[in-house]
Amino acid sequence: MENKELTGKIALVTGGTKGIGKAIADRLAQAGATVIITARNAPADNKYGHHFIKGDLANASEAMTVISSILEKFGKVDILINNMGGSNSPSGGFGVLTDKHWEDEIQLNLLAPVRIDRTILPGMLENKSGVIIHISSISGISPLYESLGAYAVAKAALINYSKSLSKEVTPKGVRVLTVSPGMVKTETMDSFLGTLAESAGTTIDEITQNLMASLGGIPMGRMADPKDVAELVGYLVSPRASYLSGANYVIDGGTIPTI
Ligand SMILES: NC(=O)c1ccc[n+]([C@@H]2O[C@H](COP(=O)([O-])OP(=O)(O)OC[C@H]3O[C@@H](n4cnc5c(N)ncnc54)[C@H](OP(=O)(O)O)[C@@H]3O)[C@@H](O)[C@H]2O)c1
């Protein structure tokens, strides 16, 4: 990639060690940004030399310690990718979800990005510039009640919050956007499909087809590659997208049936 349009920019990618976050971190580094990644475990592969900072960002006090140390060390964050998220709840519909499952999904997928934004935003507002991306999911628009009920609610709330924040801070120079992927082929997706297949007593191929069918099919005929999502994010944070704020970009190979 020759275009170094993000040179001089400091980017923070939460959950940037694996899957979609890793692809985004690598894409931003290719465009010249200095990239900081966070997660609970160090990355297995860090060929772009991202600055790794360890921490459980779903834990409020740990998240504040991590973000404060980043601001102290790097002085500012120009690009914030709230990518960390996922579902740790069992499948089986409403009856299997306890208060604890609901609380955990909301902490990880909604409150963690809200807290991280609250810590990073004052610096962006002072500089009158910055971009924040919230990685949501098409399940926030089209819920999968059997396997991802509580997660989908948290992601729906994240889309709403992202829109609200954009209304508040876009006039002050900070762009806020949401990216909602459909099914993306990550290791976590593979193990999610493996668990579903085991509990349904079927094969991963069959469960993949079932899940794709439950979404109404994927017209593109395949899951996204993490790089597909990274390419969109790379554009959205760039100066080429300087008029874009407040929108939710669905990247799902045509899955969502509604307009
Ligand atoms: N894959 C999909 O099909 C898909 C579809 C739609 C939306 N999404 C969304 O896209 C985002 C990335 O998904 P992914 O599939 O790429 O996930 P992934 O491969 O499981 O990676 C998740 C990243 O977040 C980190 N992380 C998880 N919990 C954390 C915590 N409590 N504190 C700090 N870091 C934590 C993980 O590292 P550690 O485990 O080491 O902490 C890892 O770096 C998520 O928000 C997900 O909801 C994914």
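Predicted model: local features only at pLDDT ≥ 70, side-chain atom pairs only at ≥ 80, totals over all residues.
Colleague: How many bridges join β4 to β5, and do they run parallel or antiparallel?

Modeller: Four bridges join β4 to β5, and the two strands run parallel. Strands here are DSSP runs of E with at least two residues, helices are runs of H or I with at least four, and both are numbered from the N terminus. Two strands pair if DSSP finds at least two bridges between them. Residues are numbered from 1 along each chain as its sequence is written, and side-chain values use heavy atoms, with hydrogens and water left out.

Colleague: Which residue of β5 does I81 stand opposite?

Modeller: I81 stands opposite I133 in β5.

Colleague: Which way do the β4 side chains point, and are they buried or exposed?

Modeller: I79 and I81 point one way, L80 and N82 the other. All are buried. Buried means under 20% relative accessible area, exposed means over 50%, and partly exposed is in between, with a 1.4 Å probe and protein chains only.

Colleague: Zoom out. What is the strand order in the sheet?

Modeller: The order is β3-β2-β1-β4-β5-β6-β7. That is seven strands in an open sheet, with parallel pairing. The edge strands are β3 (51-54) and β7 (248-251), each pairing on one side only. Neighbouring strands are turned by 20 degrees against each other on average, direction ignored. Axes are lines fitted to C-alpha atoms, for helices over the stretch in contact, and angles run from 0 to 180 degrees between N-to-C directions.

Colleague: And what joins β2 to β3?

Modeller: Four bridges join β2 (residues 34-39) to β3, in parallel. I37 stands opposite F52 there.

Colleague: Which strands does helix α3 lie across?

Modeller: α3 (residues 99-127) lies across β1 (10-14), β4 (79-82), β5 (130-135) and β6 (174-181). It runs at about 175 degrees to β4. Helix α4 (residues 149-169) lies across β5, β6 and β7, at about 160 degrees to β6.

Colleague: Switching to α6. Which of its residues are buried?

Modeller: I207, T208, L211 and M212 are the buried residues of α6 (residues 204-214). Seen down the helix axis, they fall within an arc of 135 degrees, so they line one face. The arc is that of the directions from the helix axis to the C-beta atoms. The face turned away carries the exposed residues D205, Q209 and A213.

Colleague: What covers that buried side?

Modeller: The cover includes α5 (187-200). Contact means heavy atoms within 4.5 Å. α5 and α6 pack at an angle of about 100 degrees, with their axes 9 Å apart. That makes α5 roughly perpendicular to α6. The cut-offs: under 35 degrees is roughly parallel, over 145 roughly antiparallel, 65 to 115 roughly perpendicular, and the rest oblique.

Colleague: Which residues make the contact?

Modeller: From α5, F192, L193, G194, L196, A197 and A200. From α6, I204, I207, T208 and L211.

Colleague: Where is K128, then? Buried or exposed?

Modeller: K128 sits in the loop between α3 and β5. K128 is exposed, with a relative accessible area of 62%.

Colleague: Last one, I218. Where does it lie, and what is it in contact with?

Modeller: I218 lies in the loop between α6 and α7 (226-236). At 8% relative accessibility, I218 counts as buried. Leaving aside neighbours within four places in sequence, I218 is in contact with M183, M212, D252, G253 and T255. The C-alpha atoms of I218 and G253 are separated by 6.1 Å, though the two residues are 35 apart along the chain.
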